[in-house]
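Subject: Structure for you to look at

Hello,

Here is the structure I promised to pass on. My notes on the aromatic residues and the surface follow below it.

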Amino acid sequence: MSRVYNFSAGPAVLPEEVLITARDEMLEYGTSGMSVMEMSHRSKDFEDILDTAERDLRTLMNIPDNYRVLFLQGGGCTQFAMIPMNLMRNKTADYIVTGQWSKKASEEAKIYGQVNITATSADKNYSYIPDFTDLKVTPNADYVYICQNETVHGTTIRHLPDTGNVPLAADVSSMFLSEPVDVNRYGIIWGGVQKNVGPAGVTIVIIREDLIRDDVLPFTPTMLKYKTHSETKSLYNTPPCYNIYICGLVFKWLLKLGGTSEMKKRNEAKAKILYDYLDSSRLFHGTVEKKDRSLMNVPFITGNKELDAEFASEASKAGLKNLKGHRSVGGMRASLYNAMPVEGVNALVQFMADFERKH
């Protein structure tokens with residue numbers, strides 16, 4: 001077996017231990033006589049998989065009892081619509097736009113009501129997090145929305161805005177379970193799992209119970225109501241069973257390693273190796289202000305598009321895969337999710353140093 005170092009932003013690297021367990025259980029889960037892929041979502045075996053996954057996630061994130069955990073489908077783009085459909089009761093919401101994903105979310109929300117951009121870093125191509133220490137929340141806003149870690153631009157909101165009694169809605173897709181969070185600070189916190197938790201196809205939504213109500217926007221489809229999925233324990237329709245099973249294996253892997261506090265230490269150490277090299281390099285340069293750098297997604301450039309393309313191509317041949325930057329910003333991007341071993345980061349830095357010496 002020849003495994004590469006996969007720096008993809010998503011679908012992304014998974015823990016080898018999890019993949020081996022999934023391989024060993026592919027033909028038969030437990031004593032069921034069948035694969036999880038073949039199992040009825042109404043069966044006792046799958047009910048146990050789903051219940052265990054939720055219980056382990058609640059332990060990992062210390063989720064309070066007054067929050068519901070939903071395993072949904074549709075990815076982030078569906079949440080961009082579900083959040084305003086379910087929460088925009090006064091037809092107005094505040095959005096902090098710090099990159100491509102919060103911008104997309106704000107554009108989608110405009111379909112359903114008034115969107116107030118209360119802070120943005122668009123003036124410098126989203127290379128920093130704007131100061132919102134004195135954030136003026138719109139008095140009748142239904143919620144304040146953030147993307148806490150912008151995957152494309154490589155920024156992280158380290159200090160959450162003070163939204164008072166207005167619920168904070170947060171997309172944490174690319175930093176999910178990479179460090180501890182205080183769930184009580186959010187009204188709704190959600191993430192697509194394909195970046196840091198599991199295979200593409202599951203979106204985990206953690207929502208405070210008082211926000212799950214009947215008075216959603218009148219045209220909201222049944223399938224897009226949080227209440228629908230809360231009342232049916234994520235089993236209103238057939239869920240992505242196998243993908244939830246993999247997420248459950250990842251939860252157990254994280255618990256065994258010491259949880260999100262341990263992952264934060266590991267992720268800080270990995271990111272430091274790459275950022276220290278970028279700060280000392282004469283060829284490669286980071287694109288984000290130091291105080292706002294993401295631990296998960298590290299964009300960098302040489303300043304020469306042809307050289308960037310050559311680097312990404314040569315790195316791929318050397319087993320360092322998916323380093324090409326997002327099409328909207330170019331350059332390179334290394335995603336250092338939980339499952340990326342430190343050996344992969346060291347291999348990348350060594351390759352960058354060799355490339356720099358040649359050029």
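Tyr95 is buried, with a relative accessible area of 0%. This comes from a predicted model, and the values below were computed from that model. Tyr143 is likewise buried, also at 0% relative accessible area.

A search of the whole structure gave 14 aromatic pairs. One of them joins Tyr95 and Tyr143: the pair is edge-to-face, with 5.8 Å centre to centre and 70 degrees between the planes. Tyr95 belongs to strand E3 (residues 92-97), while Tyr143 is in the loop between strand E4 (114-120) and strand E5 (144-147), so the pair ties together parts that are 48 residues apart in sequence.

Tyr277 and Phe284 make a tilted pair, because their ring centres are 6.4 Å apart and their planes are at 50 degrees. Tyr277 is buried at 11% relative accessibility, and Phe284 is buried at 0%. Both residues belong to one aromatic cluster, together with Phe300, Phe311, Phe351 and Phe355.

One ring has a charge over it: Lys124 lies over the face of Tyr128, at 5.8 Å from the ring centre.

Where is Met26 in the chain? Met26 sits in the loop between helix H1 (16-24) and helix H2 (44-61). Its relative accessibility is 33%, so Met26 counts as partly exposed.

Regards

Methods:
Residues are numbered from 1 along each chain as its sequence is written. This is a predicted model: local features need pLDDT of at least 70, side-chain atom pairs count only at pLDDT 80 or more; totals for chains, interfaces and linings use all residues. Side-chain values use heavy atoms; hydrogens and water are left out. Helices (H or I, at least four residues) and strands (E, at least two) are DSSP runs, numbered from the N terminus. Buried means under 20% relative accessible area, exposed over 50%, partly exposed in between (1.4 Å probe, protein chains only). Rings of Phe, Tyr and Trp (its six-membered ring) pair if their centres lie within 6.5 Å; planes under 30 degrees apart count as stacked, over 60 as edge-to-face and the rest as tilted. A charge sits over a ring if NZ of Lys or CZ of Arg is within 6 Å of the ring centre and within 35 degrees of the ring normal.
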